[in-house]
Amino acid sequence: MLSNVFTGLSRVRFTVGYVAALFAVSTTMLMLSPQAHDRVIRHASTNLHNLSHGRLGTLVGSAFVVEAGPLWFWLPFLTCLLVLAELHLRTLRLLVAFLVGHVGATLVVAAALATAVKMGWMPWSITHASDVGMSYGALAALGALTATIPRSLRSAWIGWWISASVFAAIIGGDFTNAGHAVAVTLGVLVSLRFRAPIHWTSARLLMLLGSAGFGFLMLAHSMWGMAGGVVFGLSGALVAHLLTRRLGRVAAPVPELEPSAN
């Protein structure tokens, strides 16, 4: 019995370690005073102030500090997503996707904010804005699941997430929303390097549904955002699917005619 449990946990060791660390950090922060809590957030943030002062450890440390609502809500859904990704993609691939999404989206957003501040498009105060959490890495993991989606549905899957995330970035008007769109895109791009065997079961399909819902909630934060995200997501999925089918027909080889006998 115990050997089966340990064997199962060894298959999702990244998820187990990361979720345990998140739980420990989050519960500890709940016991801190408001001043100490804010101080932790300030020092862990990957904002321009910290990055410009060489605090590159925040690129990793910020993934362990979460402000996304109650722990009992987001942690089970995050665990479901990471377990599903690790079972399909294996530990190393999930780790690569998570780090590329978290660090890559953070650096892209930081570069865009630095340019905006330098050009006078955004106030200097944005350099001290807090930017912590697991959402970039989680959305990149969701994007990396593209490698496990059947080929007939893969273009629609990509079209849905890219369209929904871009819409959320536009309507949200916040740099974090833009980071989410970047993270999803990076996860999809990383998945192009993966070749994952597809072993879908009823339980894993339910996990995928829950993970997709969680990912959508990370993108959309209001009723208008959700409604618009669904419309744009479905539109993007339909356009991507039709475009892929059309390109597939164009690229299909034309059968050679047998020479007629004279």
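The following exercises, with worked solutions, concern a predicted model of one protein.

Residues are numbered from 1 along each chain as its sequence is written. In this predicted model, local features need pLDDT of at least 70, side-chain atom pairs count only at pLDDT 80 or more, and totals for chains, interfaces and linings use all residues, while side-chain values use heavy atoms, with hydrogens and water left out.

**Exercise 1. Confidence**

Task: State the average pLDDT of the protein, and identify which elements have the lowest and the highest mean pLDDT.

Solution. 
1. pLDDT is the predictor's confidence in each residue, from 0 to 100. The protein averages 88, and 91% of its residues score at least 70.
2. Elements are DSSP runs numbered from the N terminus: helices (H or I) of at least four residues and strands (E) of at least two.
3. Over residues 256-262 pLDDT stays under 50. A contact requires heavy atoms within 4.5 Å, and for residues 256-262 the model has zero contacts beyond four places in sequence.

**Exercise 2. Overall architecture**

Task: Describe the secondary structure, the extent and the surface of the protein.

Solution. 
1. The protein has twelve helices and zero strands.
2. The C-alpha trace spans about 90 × 60 × 35 Å along its principal axes.
3. Of the contacts with a separation of 6 or more, 81% join residues 24 or more positions apart.
4. Accessible areas follow the Shrake-Rupley method with a 1.4 Å probe; for residues, only the protein chains shown count as cover. The protein exposes about 14,500 Å², of which carbon and sulfur atoms supply 71%.
5. A residue is buried under 20% relative accessible area, exposed over 50%, and partly exposed in between (1.4 Å probe, protein chains only). Buried residues make up 44% of the 262 residues.

**Exercise 3. The covering of α8**

Task: Determine how many residues of α8 are buried, and what covers them.

Solution. 
1. Ten of the ten residues of α8 are buried. Among them are Y136, L139 and L142.
2. The cover of these buried residues includes α6 (71-89), α7, α9 (151-172), α10 (175-191) and α11.
3. G133 lies in the loop between α7 and α8. G133 counts as buried because its relative accessible area is 9%.
4. Leaving aside neighbours within four places in sequence, G133 is in contact with S62, A63, V65, V66 and H102. The C-alpha atoms of G133 and L22 are 9.8 Å apart, although these residues are 111 residues apart in sequence.

**Exercise 4. A buried arginine**

Task: Locate R204 and state which side chain of opposite charge is nearest.

Solution. 
1. R204 lies in helix α11 (residues 202-219).
2. A salt bridge is a side-chain nitrogen of Lys or Arg within 4 Å of a carboxyl oxygen of Asp or Glu. R204 is buried and has no salt bridge.
3. In assigning charge, Lys and Arg count as positive and Asp and Glu as negative, whereas His and the chain ends are not counted. The nearest side chain of opposite charge is E86, 11 Å away.
4. Beyond neighbours within four places in sequence, R204 is in contact with R11, L84, L87, H88 and H199.

**Exercise 5. A nonpolar surface patch**

Task: Identify which residues form the nonpolar patch, and classify V100 by accessibility.

Solution. 
1. Patch residues have over 30% relative accessible area and no salt bridge; like charges are joined within 9 Å, and nonpolar side chains (Val, Leu, Ile, Met, Phe, Trp, Tyr) within 5 Å.
2. L92, L95, V96, L99 and V100 form the patch, with about 390 Å² of accessible area together.
3. V100 belongs to helix α7 (residues 91-118). V100 is partly exposed because its relative accessibility is 32%.
4. An α-helix has 3.6 residues a turn, so residues three or four places apart point the same way.

**Exercise 6. Three further residues**

Task: Classify F23, R90 and S52 as buried, partly exposed or exposed.

Solution. 
1. F23, in helix α2 (residues 13-30), is partly exposed because its relative accessible area is 43%. Apart from neighbours within four places in sequence, F23 is in contact with L71 and L75.
2. R90 is in the loop between α6 and α7. With a relative accessible area of 46%, R90 is partly exposed. Its phi is near 80°, a positive value in a residue other than glycine.
3. S52, in helix α4 (residues 48-52), is exposed, with a relative accessible area of 56%. The C-alpha atoms of S52 and G229 are separated by 34 Å.
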